[in-house]
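Dear colleague,

I am handing over the structure below, and my notes on it follow. Please read them alongside the sequence.

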Amino acid sequence: MTPLEQLFDGTLPRLVMFDLDGTLMDSVPDLAAAVDKMLMLLGREPAGVARVRDWVGNGSRVLVRRALAGGMQHDGVKDELADEALALFMQAYSGGHGLTTVYPGVRDCLDWLREREVKLAIITNKPSQFIEPLLDEKGLAGYFHWLVGGDTLAQQKPDPAALFWVIEQAGVTPRESLFVGDSRNDVRAARAAGVPCVALSYGYNHGEPITDEQPALVLDDLRKLVASPTGLR
């Protein structure tokens, strides 16, 4: 029996929802490049990959504000400056995603779930305009029935609204659903929706261990979610 089946009392969920950045793809190198270009256009020093890795997870607007503040707390950033910086960031990030890579094991897991007719969705705080082109570019198009970005609904994770919306669209219940993510926003959104959460240890959680959020399961490779004791089946 796979760990996924163990989570669902020997059966499979009818719906699996995934976060994108830090869960399916390592997108920080491209995000950091766009942040640094934005900062330099504003006459500021670049932030670098390591700092941006701790800042991502709450959508582009918050990422930009953190970059302007130079840290997680960004209350002192003026809205007018943030708006100008966000436009520069969005333009820079639209230029390509050649540094973004799909994590090992992701395609194996998605293939396994698709073969068993489990419905799949993406719920991310990334702006929706980037989701489909990024999936196409990285060879993950066609797996997902629903794509929800940070601007698709009025609320973003950790608010559970997007999870409830996808669950309703799929015609399933929270008990028949799973969320897979890498950050506290993912775990908290799933908990608020009454959905078990599997968390990846390799993602972005503002520099804190994801085990602190007590998800149902923590993995370091998505293949392990669907692997039987003798391997993928």
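With which side chain does the side chain of Asp-19 make a polar contact? The partner is the side chain of Thr-23, at 3.0 Å, where a polar contact is a pair of N or O atoms within 3.5 Å, of which, within protein, one must be able to donate a hydrogen and the other to accept it, and residues adjacent in sequence count only if both atoms are side-chain atoms.

This is a predicted model, in which local features need pLDDT of at least 70 and side-chain atom pairs count only at pLDDT 80 or more, while totals for chains, interfaces and linings use all residues. Residues are numbered from 1 along each chain as its sequence is written, and side-chain values use heavy atoms, with hydrogens and water left out.

The unreviewed UniProt entry places the feature "active site" at Asp-19, although such annotations may be inferred rather than shown by experiment. Asp-19 lies in the loop between strand S1 (15-18) and strand S2 (25-26), strands being DSSP runs (E, at least two residues) and helices likewise (H or I, at least four), numbered from the N terminus. Asp-19 counts as buried because its relative accessibility is 6%, buried meaning under 20% relative accessible area with a 1.4 Å probe and protein chains only. Among the residues that Asp-19 touches (heavy atoms within 4.5 Å) are Lys-157, Asp-182 and Asp-186.

Elsewhere, helix H8 (residues 161-170) has buried residues including Leu-163, Val-166 and Ile-167, and what covers the buried residues of H8 includes S1 and helix H9 (184-193). Just after H8, Gly-171 takes a positive phi of about 70 degrees.

Best regards

Notes: Buried < 20%, exposed > 50% of the residue type's maximum accessible area, 1.4 Å probe, protein only. Lists of a residue's contacts leave out its neighbours within four places in sequence.
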